[in-house]
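The following note sets out points on strand pairing, salt bridges and surface charge. Please read it alongside the sequence and the coordinates.

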Amino acid sequence: MAFQIVLLDAKKHKRDRFDCGVESLNRYLTKYANQDLKRKAATVFVLIDSPANNVIAYYTLSAFTLEVSELEPKIAKKLPRYPLLPAAMLGRLAVDKNYRGQKSGKLMLVDALKRAYLATQQVASTAVIVDAINDNAVSFYEKYGFMSFKSNPNRLYLIMSTIAKMFV
């Protein structure tokens, strides 16, 4: 069995047994992820066990507009003086319950950050934004340096210059 992170292929990847313990995240993967891919609303990346093609974890990436006024002042002053800046949205990240404790979440997060960083060579982005579904998710992202928006503690961000240091 080999693990790999690839773009979702709804015809090939087995999603029906995926269960992360959060019904809305399970439902997204089985019912809406493929539609988002087709409509270019989000890209969906899956961690699969090859050759079985069972989905172990997934995340989504899409474009986002960041309101600079929502950031910490010490961060905002280092960014261009525009009210809105481009960012990448890590909209969902989920790991099947059977694979928890095996660092799959960290693996998926690092992969998402790397893809977002590499994309900045073609399309500018100042940060990666996440919407944490609960307090456990907030703690997970904070462990990797994400900071909460002023007005919404479940929306967090990591500035691209910080992400760049991970991959340069």
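**Note on the predicted model**

1. In the hairpin of β2 and β3, which has 3 residues between the strands, N53 takes a positive phi near 65°. Strands here are DSSP runs of E of at least two residues, and helices are runs of H or I of at least four, both numbered from the N terminus.

2. This is a predicted model, in which local features need pLDDT of at least 70 and side-chain atom pairs count only at pLDDT 80 or more, whereas totals for chains, interfaces and linings use all residues. Residues are numbered from 1 along each chain as its sequence is written, and side-chain values use heavy atoms, with hydrogens and water left out.

3. In what order do the 7 strands form the open sheet? The order is β1-β2-β3-β4-β5-β7-β6, with mixed pairing. Strands β1 (2-7) and β6 (147-148) stand at the edges with a single partner strand each, so one side of each has no neighbour in the sheet. As a general point, side chains in a regular strand alternate between the two faces of the sheet.

4. How many salt bridges are counted? The count comes to 3, a salt bridge being a side-chain nitrogen of Lys or Arg within 4 Å of a carboxyl oxygen of Asp or Glu. One of them joins K97 and D19, at 3.3 Å from N to O. This pair links distant parts of the chain, 78 residues apart: K97 lies in the loop between β4 and α3 (104-119), and D19 in the loop between β1 and α1 (23-39). K97 is partly exposed because its relative accessibility is 42%, and D19 is likewise partly exposed, at 29%. The classes are buried (under 20% relative accessible area), exposed (over 50%) and partly exposed (in between), with a 1.4 Å probe and protein chains only.

5. A further salt bridge is formed by R115 and D111, whose closest N and O atoms are 2.7 Å apart. Both residues lie in helix α3, 4 residues apart, which is about one turn of the helix. R115 is partly exposed at 30% relative accessibility, whereas D111 counts as buried at 18%.

6. D131 and R155 also form a salt bridge, with 2.7 Å between the closest N and O atoms. The pair links distant parts of the chain, 24 residues apart, with D131 in strand β5 (residues 127-131) and R155 in strand β7 (residues 155-159). Both are partly exposed: D131 has a relative accessibility of 32%, and R155 has 24%.

7. Which residues form the positive surface patch? They are K74, K77, K78 and K165. Patch residues have over 30% relative accessible area and no salt bridge, with like charges joined within 9 Å and nonpolar side chains (Val, Leu, Ile, Met, Phe, Trp, Tyr) within 5 Å. K74 is found in helix α2 (residues 73-76) and counts as exposed because its relative accessibility is 56%.

Methods
Areas by Shrake-Rupley, 256 points an atom, 1.4 Å probe, with all protein chains shown as cover. Lys, Arg positive; Asp, Glu negative; His and termini not counted. Charge placed at Lys NZ, Arg CZ, Asp CG, Glu CD. Pairing = 2+ DSSP bridges.
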